[in-house]
Amino acid sequence: MIHAWGTKAGRLLTGGSAPVTYGLIAVCCAVFLISPVSGFNPAYGTGDQLLGAQQVYFERWGVVPVELFSGAPRAALGPFTALFVHGSWLHLLGNMLFLYVFGAMVEERMGHLLYALFYVCCGYFALLAYAAAHAGSDQTLVGASGAISAVLGAFLYLFPRARVTSLFPFLFFLPLRFPAWVVLPFWVVLQWLAAGQGGKGTGVAYLAHLVGFSLGFVFAWGWSVRRARVQGQGSTPAIEGDSQP
């Protein structure tokens, strides 16, 4: 597992440069805090009552593959609402860390409105792809991982040489700096290996991660090529990450 916690170019950005990214983080945190999962809302009770409230919460706002293709309008909203629902404190903090580290630079490059649409659409289709591959499953899927994986894919294309400070468990959690073209493909390989195991229990949607990452990379490539053509250039302009040592 990779814990990426900073980028060299990212430190040059201010909060005003990425209102969508920081807004998404704020919304996800607020939704979690008022949900029965956080444990902070006494209205949901304790013990079995709290567990029951959590189950109802996930089924209402998450994605249940077997229900998604039933034709019910409410179920079709599942891949959207699930982007703002998380299953635990660790799930929330891990996703928000990756969004914080990589999202601001992608948003600054794409622009606020396009970035917001990109985030929601890629996240929706990543969860939809997972549900389609597990159409008979009644296991609820929640989390922004598919959308954030799309952000990682876009980051890799737009800033391949941006240096990312990461913690690798097998290297005793030493903080090491590598370019994005090393860190992110390694992360993809880990997701691919995990998805291939087909394990059960935790319900981690590794397939949604892979789909989201692919969508993000392809979108960033297509958007960059189109922008270059509109600007009348013969090739894609140099990206910010290429200028870094």
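These are my notebook entries on a predicted model, taken in the order in which I looked things up.

**Overall make-up.** I began with the secondary structure, which comes to 10 helices and 3 strands. Reading from the N terminus, I noted the order of elements as β-α-α-α-α-α-α-α-α-β-β-α-α. I then looked up burial for the chain as a whole, and found that 45% of the 245 residues count as buried.

**The core.** I turned next to the largest nonpolar core, which has 55 residues, and asked which of them touch the most other members; these are L99, F102 and F155. Going through the elements that each supply at least two residues of this core, I listed helix 1, helix 2 (47-61), helix 6, helix 7 (112-133), helix 8 (145-158), helix 9 (180-197) and helix 10. Helix 8 gives the largest share of the core, with 10 residues.

I went through several residues here, starting with F98, which lies in helix 6 and counts as buried because its relative accessibility is 12%, under the 20% cut-off. I also looked up the pair F98 and L152, and found their C-alpha atoms 8.3 Å apart in space although 54 residues separate them in sequence.

L93 is in helix 6 too, but at 52% relative accessibility L93 counts as exposed, since the cut-off for that is over 50%. I found L93 again in a nonpolar patch on the surface, together with L33, I34, F40 and W89, and noted about 530 Å² of accessible area for the five residues together. The elements that give two or more residues to this patch are helix 1 (19-34) and helix 6 (89-110).

I then checked H86, which sits in the loop between helix 5 (78-81) and helix 6. With a relative accessible area of 2%, H86 is buried, and its side chain makes a polar contact of 3.1 Å with the side chain of N95.

Notes: Residues numbered from 1 in each chain as written. Predicted model: local features only at pLDDT ≥ 70, side-chain atom pairs only at ≥ 80, totals over all residues. Heavy atoms only, no water. Patch = residues over 30% accessible without salt bridge, like charges linked within 9 Å, V, L, I, M, F, W, Y side chains within 5 Å. Areas by Shrake-Rupley, 256 points an atom, 1.4 Å probe, with all protein chains shown as cover. Salt bridge = Lys/Arg side-chain N within 4 Å of Asp/Glu carboxyl O. Helix = DSSP H or I, 4+ residues; strand = E, 2+ residues; numbered from the N terminus. Buried < 20%, exposed > 50% of the residue type's maximum accessible area, 1.4 Å probe, protein only. Core = buried A, V, L, I, M, F, W, Y, C linked by side-chain atoms within 4.5 Å. Polar contact = N/O pair within 3.5 Å; in protein donor to acceptor, adjacent residues only side chain to side chain.
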